[in-house]
Amino acid sequence: MKTTLQIEVKKTDHSRIHETDFDNLVFGKVISDHMFVADYVNGEWTDLRIEPYAPLSLNPANATLHYGQSIFEGMKAYKNDNGEILLFRADANQKRLNESAARMCIPELPEEIFMEGLLQLLDLDRNWIPNKPGYSLYIRPFIFATDDYIGVKPSEKYKFMIFTCPVGHYYSKPVAVKVEQHYTRAVEGGTGAAKAAGNYAASLYPALLAQRQGYEQLLWTDGKTHQFIEESGTMNVMFIINNTLITAPTHTGTILKGITRDSVLKIARDWGMQVEERFLSVEELEKAIQQNTLQEAFGTGTAATIAQIYKINIYGTDYVLPSKPADAFSYRVLETLDNIKYGKEEDSRGWIIKV
Ligand code: COI
């Protein structure tokens, strides 16, 4: 992308990279040296800059702290064997950020600012991108309100920022999930499709209750009847029943339009697999488990990639799923995605940007 943007760059004079243990990365705890920042003031995005990663100073009356007008994205960059940076589907994240922005009354962020800020940040902190299998650089773009005003209305000022974290696996092993029967992640007409901070805040308490009972994540069900499966924790969720890949559709506005979800569905269709984007009832899932027609259950997400589900609690009954053959779809699709992301397989779908 040709750009005329002026981005002021102030480099750190104390890189933390040599203090970082790249062999023991805890997801989201280690942050790279720099961050990209832009401010929305007087109706325009301005003052684009890259500066050393540092705490922010906020007024206690900051609108985000009170009313949660805040959205974010998650994506990843990888290194291939030649040391080149491969960025996965950043254009999709850029579009989704603006979809979330529209829902939350946040002004649109021009594509050029998102992409150019991101590419310059990645270039500057390229040494932070791990180059071992299973490791990557997690990228966190976000926008939040910066008005200092105690009244409920859309803010007039915002900050857009990107920082990055070298990461390993989000889940190091398969997860146990529990069907949620009472609490709700999203309802039709709500903000479930937006990657809005408040959606995650609202999920914490029910997730904590499930974690106390030994389940890593919830299987969220629809807000009206709790009969249909929507998502799992912070991931989309997919099932293979009778060789058909089933996942919830996104038209109700209650499901996050996951980019890993979309990638998995595209690969499955390219492989000639039967795919159904439809709501799966808890009853149908339970029957499929009992009749041994459920072949696979897994979550999809940027952080989690493909998270295997080994146990599902349905209305109080624990079902441990049978182990999968080595050529199971979820293993193969993970391998294919990894091969594309690490540059080991041709990127025939145009998903990779080389930095
Ligand atoms: C992601 O998968 O990128 C997420 O946003 C999930 C989580 C880390 C909040």
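Select Met75, Ala77 and Lys79 on one side of strand E5, then Lys76 and Tyr78 on the other, and you will find that all of them are buried, where buried is said of a residue with 20 or more other C-beta atoms, placed from the backbone, within 10 Å of its own. Strands (E, at least two residues) and helices (H or I, at least four) are DSSP runs, numbered from the N terminus. In a regular strand the side chains alternate between the two faces of the sheet.

The model you are viewing is predicted, with local features needing pLDDT of at least 70 and side-chain atom pairs counting only at pLDDT 80 or more, while totals for chains, interfaces and linings use all residues. Residues are numbered from 1 along each chain as its sequence is written.

Within E7, look for Tyr138, the bridge partner of Lys76.

Now select strand E6 (residues 85-88), which pairs with E5 in the antiparallel sense over 3 bridges, and see Tyr78 standing opposite Leu86. The hairpin of E5 and E6 has 5 residues between the strands, and Gly83 takes a positive phi near 80° there.

Finally, move to helix H5 (residues 259-270) and helix H7 (residues 329-341), whose axes come within 11 Å and cross at roughly 110°, the axes being lines fitted to C-alpha atoms over the stretch in contact, with angles running from 0 to 180 degrees between N-to-C directions. The two helices, H5 and H7, are therefore roughly perpendicular to each other, a term that covers 65 to 115 degrees.

Technical notes. Buried ≥ 20, exposed ≤ 12 C-beta atoms within 10 Å, placed from the backbone. Pairing = 2+ DSSP bridges. Parallel < 35°, antiparallel > 145°, perpendicular 65-115°, else oblique.
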